[in-house]
Amino acid sequence: MLSSELVRSALESAPDAMVIADATGIIVFANQQVTALFGYAPWELTGQKVECLLPERFRSRHVGHREGFNGEVRVRPMGAGLDLFARRRDGTEFPVEISLSPISDDGRVLVAAAIRDVTERKRIEAELVAARESADRANQAKSRFLATASHDLRQPLQTLALLNGTLRRTVRDVDATEAVVRQEHAIAAMSRLLNTLLDISKLESGAIKPEPTDFVVETLFEELREEFAGLASDKGLELRVETCNDRAHSDPSLVEQILRNLLANAIKYTHVGHVSIRCQRDVGVIRVQVLDTGIGIAPDQLPLIYDEFYQAGVPANSVREGYGLGLSIVQRLVRLLELRLGVESELGKGSTFSLDLPAGMERTRAAATRAAKTRLEPAAPPRPSPHVLIVEDDPAVLDATRMLFRVEGFRASVAASLAEAAQKSAEHADINVLVTDYHLADGETGTDVIGAVRKILGRDVGVVLVTGDTSAAMKDLQHDERVRMTSKPLRAEELLALVRSLLPS
């Protein structure tokens with residue numbers, strides 16, 4: 001049995017202010033810590049109602065809470081889920097945390113309240129909330145800026161690319177032709193750098209959200225073959241793309257971006273031999289490898305290859321081929337998708353990058369092969385003088401697009417808004433393909449245009465939607481077989497190929 005003196009000594013030495021009250025709320029004990037916390041001497045509180053330590057606005061409500069506690073006596077925090085406040089002798093208020101414990105004393109039940117000042121903790125919590133809200137606002141501002149910058153920066157490049165395509169179809173003078181070709185190379189370099197910088201900015205801001213799904217790896221391989229076969233051939237290299245009918249589970253568009261950067265890098269640093277892409281199946285993993293017979297990477301340089309603007313074997317201040325940003329984007333995408341990327345390289349003999357993807361659900365090899373063949377079926381030859389409706393609110397881009405299609409033998413109708421697009425559709429029932437920008441003036445979008453034009457024409461006319469947008473609305477359109485999505489700036493040949501793929505047979 002503990003002595004009353006020992007109990008009192010323990011209460012006095014407790015780190016928190018301790019107040020003991022009877023069932024009527026009369027304080028029968030207060031330790032020395034109440035003086036530091038409330039400004040009262042312990043003896044001043046003895047015999048007072050416990051409500052004297054509360055702000056006046058809470059006192060009447062507290063009587064009911066106290067009576068409720070007396071009806072169900074147990075150890076518990078006071079006012080769980082509520083913000084509690086206490087009142088000092090000088091009238092100032094402060095946030096508190098209170099724990100209640102019942103005490104038996106010669107047949108009567110007393111309540112011990114341990115009271116702790118949580119002003120500092122509340123301040124820190126408020127600062128954390130404010131910092132989080134500020135970070136959220138900053139991220140939202142970044143996303144808005146990137147959406148605007150992506151659109152506005154791409155517009156003049158798109159104009160240049162389309163005008164360049166028109167000039168290459170009309171210029172006959174040898175010197176002028178050479179100038180146009182050089183102009184095309186410069187535009188392409190500007191486009192690559194802009195796309196790369198915007199990709200990095202989107203990844204840094206969190207604007208890109210993965211959407212994992214099962215996909216056939218062969219589908220990505222064939223797209224990459226089409227994209228890089230010409231580039232490899234121009235350098236005298238063999239591009240080897242092995243068959244891979246396995247299914248992986250990840251975001252296919254982001255995985256394709258990783259592999260695109262790895263292949264571009266391999267071709268850039270390979271001068272003789274070949275570049276290959278293949279896959280190997282392991283337990284629960286599809287390992288995609290990009291191999292080359294290029295210059296290789298020295299062992300001491302391997303940790304540096306993912307740094308921005310690093311290029312293997314390129315001295316500082318020398319002429320660069322590219323910007324050394326591809327592997328930096330790869331690393332960010334790998335982290336975003338929570339994948340594993342490995343590299344093996346030998347100086348002078350080549351490199352192998354290995355990307356491990358989670359295996360997807362199985363399906364028959366025949367079904368996968370059919371899917372790949374279906375996708376690769378050549379487009380039917382276009383009918384004479386196909387009719388294209390072009391919707392674009394930037395006058396320079398609109399004129400450049402119209403000129404390109406007319407030089408190429410198309411009939412072209414143009415519109416700068418949803419209303420004009422609807423009017424042109426009503427006037428021309430023979431429109432074969434709609435080419436529209438996604439972001440138009442006054443908040444109108446390409447999806448609005450698609451819906452209106454299709455409704456007026458009474459059919460699902462083929463659409464080329466030109467955009468850099470990554471919103472959910474854009475993702476939904478990817479499931480429409482009659483919609484081809486592409487990003488500005490795109491070359492004239494790319495735009496024409498997309499339109500021809502949608503022409504009726």
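User: How many disulfides does the structure hold?
Analyst: The structure, which is a predicted model, holds one disulfide.

User: Which cysteines form the disulfide, and how far apart are their sulfur atoms?
Analyst: Cys244 and Cys279 form the disulfide, with 1.9 Å between their sulfur atoms.

User: Left-handed or right-handed?
Analyst: The torsion about the S-S bond of Cys244 and Cys279 is about 105 degrees, so this disulfide is right-handed.

User: And what parts does the pair tie together?
Analyst: Cys244 sits in the loop between strand 8 (238-241) and strand 9 (247-250), while Cys279 belongs to strand 10 (residues 274-282). The pair therefore ties together parts 35 residues apart in sequence.

User: Switching to helix packing. At what angle do helix 7 and helix 8 pack?
Analyst: Helix 7 (residues 217-234) packs with helix 8 (residues 252-268) at about 25 degrees, and their axes are 11 Å apart. Angles under 35 degrees count as roughly parallel, so helix 7 and helix 8 are roughly parallel to each other. Their crossing is right-handed.

User: Which residues make the contact?
Analyst: From helix 7, the contact is made by Leu220, Phe221, Glu223, Leu224, Glu227, Phe228, Leu231 and Ala232. Helix 8 contributes Pro252, Val255, Glu256, Leu259, Arg260, Leu263, Ala264 and Ile267.

User: How does the contact of helix 7 with helix 8 split by class?
Analyst: It has twelve nonpolar residues, four charged and no polar.

User: OK, what about helix 12 and helix 13, at what angle do they pack?
Analyst: About 20 degrees, with the axes of helix 12 (residues 418-427) and helix 13 (residues 446-457) 9 Å apart. Helix 12 and helix 13 are therefore roughly parallel. Helix 12 passes helix 13 in a right-handed crossing.

User: Which residues meet there?
Analyst: On the helix 12 side, Leu418, Ala421, Ala422, Ser425 and Ala426. They meet Asp448, Val449, Ala452, Val453, Ile456 and Leu457 in helix 13. Classes for the contact of helix 12 with helix 13: nine nonpolar, one polar and one charged.

User: Helix 11 and helix 15, are those roughly parallel or roughly perpendicular to each other?
Analyst: Helix 11 (residues 395-407) and helix 15 (residues 492-502) pack at an angle of about 65 degrees, their axes 11 Å apart. Angles of 65 to 115 degrees count as roughly perpendicular, and helix 11 and helix 15 are therefore put in that class. The crossing of helix 11 and helix 15 is right-handed.

User: What makes that contact?
Analyst: Thr401, Leu404 and Phe405 of helix 11, and Ala492, Leu495, Leu496 and Val499 of helix 15. The residues of the contact of helix 11 with helix 15 divide into six nonpolar, one polar and no charged.

User: Last topic, confidence. What pLDDT does the protein average?
Analyst: The average is 81, and 79% of the residues score at least 70.

User: Where does pLDDT stay under 50?
Analyst: Residues 364-368 are one such stretch, and the model has four contacts beyond four places in sequence for them. Another is residues 379-383, where the model has eight contacts beyond four places in sequence.

Methods
Residues numbered from 1 in each chain as written. Predicted model: local features only at pLDDT ≥ 70, side-chain atom pairs only at ≥ 80, totals over all residues. Heavy atoms only, no water. Axes fitted to C-alpha atoms, helices over the stretch in contact; angles between N-to-C directions. Helix = DSSP H or I, 4+ residues; strand = E, 2+ residues; numbered from the N terminus. Parallel < 35°, antiparallel > 145°, perpendicular 65-115°, else oblique. Left-handed = near helix turned anticlockwise from the far one by under 90°. Contact = heavy atoms within 4.5 Å. Nonpolar A, V, L, I, M, F, W, Y, C, P; charged D, E, K, R; others polar. pLDDT = per-residue confidence, 0-100. Disulfide = S-S within 2.5 Å.
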